[in-house]
Amino acid sequence: MAKKAMIERERKRQMLVQKHAARRAALKEIANDRDRPMEERFKARLKLAKLPRNSSATRLHNRCQLTGRPHGYYRKLKMSRIALRELGSQGQIPGLVKSSW
């Protein structure tokens, strides 16, 4: 199980990303538009820099929904390899048979 503080920090980042996503996208569109004047693009870049750092989607890290583990994460299942193995051993995941010999 991951530290509760790390899980909460990640949850806080997700909330910030959702909160600022529209504003960030609009400012990026203005800043990257070559048809706009240079001053307007520069002002958009400054406003973008003033947004919280944790509101950027690149700061998000995938975590297992059961344990909060950040490594060994399967995107399709949204869980770590260890949680998947445990649930497979218990017969909780249909179609999954854990091999053992």
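**Reading the model, feature by feature**

Modeller: Let's start with helix α3 (residues 81-90), where A83, L84, L87 and G88 are buried. These four cover an arc of only 135° around the axis, so they sit on the same side of α3. The arc is taken over the directions from the helix axis to the C-beta atoms. Buried means under 20% relative accessible area, exposed over 50%, and partly exposed in between, with a 1.4 Å probe and protein chains only. Helices (H or I, at least four residues) and strands (E, at least two) are DSSP runs, numbered from the N terminus.

Colleague: Before we go on, what kind of model is this?

Modeller: It's a predicted model, where local features need pLDDT of at least 70 and side-chain atom pairs count only at pLDDT 80 or more, while totals for chains, interfaces and linings use all residues. Residues are numbered from 1 along each chain as its sequence is written, and side-chain values use heavy atoms, with hydrogens and water left out.

Colleague: Back to α3, then. What do its buried residues pack against?

Modeller: They pack against β1 and β2, with contact meaning heavy atoms within 4.5 Å. On the other side of α3, R85 and Q90 are exposed.

Colleague: Which residue other than glycine has a positive phi?

Modeller: Take a look at K78, whose phi is near 60°. You'll find K78 in the loop between β1 (73-74) and β2 (79-80). K78 is partly exposed, at 45% relative accessible area.

Colleague: Now helix α2. How far apart are its end C-alpha atoms?

Modeller: Helix α2 (residues 38-50) has 13 residues, and its end C-alpha atoms are 19 Å apart, which agrees with the 18 Å they should span at 1.5 Å a residue. That expected span is 1.5 Å times one less than the number of residues. As for its inside, R41, A44 and L48 are the buried residues of α2. They cover an arc of only 60° around the axis, so they lie on the same side of α2. That buried set packs against α1. The face turned away from it carries exposed residues, including M38, F42 and K50.

Colleague: Last one: how do you find a pocket?

Modeller: Rolling a probe the size of a water molecule over the atoms shows where empty space is left. On a 1 Å grid over the protein atoms alone, a cavity is a set of points where a 1.4 Å probe fits but cannot get out, and a pocket is an open set with protein on both sides within 12 Å along at least five of seven lines; lining residues have an atom within 4 Å of a point. Here, 16 residues line the largest pocket, and E10, Q14, R63, C64 and Q65 lie nearest its centre. Helix α1 (residues 4-32) gives the most to that lining, with five residues.
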